[in-house]
Each structure stands twice: as structure tokens, then as C-alpha cells.
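Q: Please take a close look at the aromatic pairs. Go through them one after the other.

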Amino acid sequence: MRQQFVAGNWKMHGSLAGNAALLSEILAGVGAARCEVAVCVPYPYLSQVQQLLQTSQIALGAQDCSAHQSGAHTGEVAVSMLRDFGCRYVIVGHSERRADHHESDVLVAAKAERALEAGMTPIVCVGETLQERQSGQTHAVVLRQLQAVTHLLGAQTAHIVVAYEPVWAIGTGLTATPEQAQEVHAVLRGHLRTVSEAAAGVRILYGGSVKPDNAGVLFSQPDIDGGLIGGASLKAADFLAIIAAAR
């Protein structure tokens, strides 16, 4: 059975004092979690959070990385730098990066490859906009995004995590029904099976306004292996409740 995984994405939130308080509450309440847990934090706080998590079971992750290994790329952050801070995970292809920074499927795939080369696990995000869903393009969009990654990675696809994040359900309070989410996860799982038997076991997270009151029913779907949690990961009680909902 695939172990479920709950990853918090802090986005562009945080402060030294706020981070310490939040993680103190989470660490005090998490206990022996039944699932894997990570927090993906802004670059400036990697050192602080690394220290705060060093004796815990919670893994550290970053929210993006460069497709370049090093060089004259002002403002970019290389995977080797993330590895220096003990990052085990890095989010690539989040819808906000695709929309705000015009990241292509090819670029996202290259970032995933860099992460794997550095010994980290990329959390590869895919998802459709409301317009794409309403026009019946959901399956085509998410498969196009995932296929760019699997085409480049081949057998290494088995070592990634996928996150399905319907763009229309991020930060809007809207959430895909468990049935809608499961349908897309099943489509993604079907494609992963065509890559390899090992890739069929890749964990697929749901990332669209997961909250304590819907986490349990979402996580109970056969192809949903946990969640990529945005706003709720910034509230210790909510994040702990979501972790508790995982199996």
C-alpha cells in the first residue's frame, strides 16, 4: 500500500517568529503520524526550518528550483543549494508558477530532472483552469502536463510525487468533489501505469483547498494518496487535523 503524504506549501508567507510558533505547535501535536509529512517553505527560511525540524519526522521541502545547475542566473536557486539545507522535496510546476511566471511543461520537466539528479523528490503539480474544465479539457490538460515529465524522466518517473491541483479550487474555497478528484487521479494513475510498473505506485496528492472537514473523504479515495496543503498548512490545528485524516 502506498503510504499517504501530507505536504504543506507555505507559499509567500512566514516570518522568523511566526515560523517558530507555527512549527512549535505542529511538532507538539503531530505525535507518531501515520503518514509522511513535509513543509515546503520560502527560500529565506530554509536554514531556520532545517534547524527546527532536525530532530523531527517532518521533512523539509522548497517551493521551486532552477532548471540550471549553476551559473549566471540571477535570482535563481540551484538544487545543489537546496540540498545543502537538507531539502528532501521540492515543488515544481505549481499553477502559480505556470501562470505568474509562464513556466512551460518542458521547463517543469527539466526542473523535476534536476531535483532527481540532486537526490531530492520533485512534487510535480498538474491541473486545469475553470475554463479548461468547463470546456471538457481537464483530462487532456493534466495528461499533457504529466506526459512532458514522464517523457523526459522515463524509468525515473517512479521516484517523483504528483500533485493534482485544480486551479479553480486553489485559494477560492471551492473544492473538487471526492468523485471529481478521484476521476482525475485515476486518469493520472492510468498514464503512470503505461510508463512502468514501478511508476504506477507513484503517490498522487490532491491540492485544491483541502481542509479538516473534507480531508478524510478525499484521502479515502483509492487513487488519492494525501494532499498538497496551502492555506490550512499555516494553521497548526488545521494542518494537524489533516495529517490525522491520512492513513
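A: Buried means under 20% relative accessible area, exposed over 50%, and partly exposed in between (1.4 Å probe, protein chains only). Tyr164 counts as buried, at 0% relative accessibility. This is a predicted model: local features need pLDDT of at least 70, side-chain atom pairs count only at pLDDT 80 or more, and totals for chains, interfaces and linings use all residues. Residues are numbered from 1 along each chain as its sequence is written, and side-chain values use heavy atoms, with hydrogens and water left out.

Searching the whole structure gives 2 aromatic pairs. Rings of Phe, Tyr and Trp (its six-membered ring) pair if their centres lie within 6.5 Å; planes under 30 degrees apart count as stacked, over 60 as edge-to-face and the rest as tilted.

Take Phe5 and Tyr89. Their ring centres are 4.7 Å apart and their planes stand at 35°, so this pair is tilted. Phe5 lies in strand S1 (residues 5–9) and Tyr89 in strand S4 (residues 89–92), so the pair ties together parts that are 84 residues apart in sequence. Strands here are DSSP runs (E, at least two residues), numbered from the N terminus. Phe5 is buried, at a relative accessible area of 0%. Tyr89 is buried too, at 4%.

Now Tyr164 and Tyr206. The centres of these rings are 6.1 Å apart, with planes at 55°, so this pair is tilted. Tyr164 belongs to strand S6 (residues 161–164) and Tyr206 to strand S7 (residues 204–206), so the pair links parts 42 residues apart in sequence. Tyr206 is buried, with a relative accessible area of 0%.

Terms used. Helices (H or I, at least four residues) and strands (E, at least two) are DSSP runs, numbered from the N terminus.
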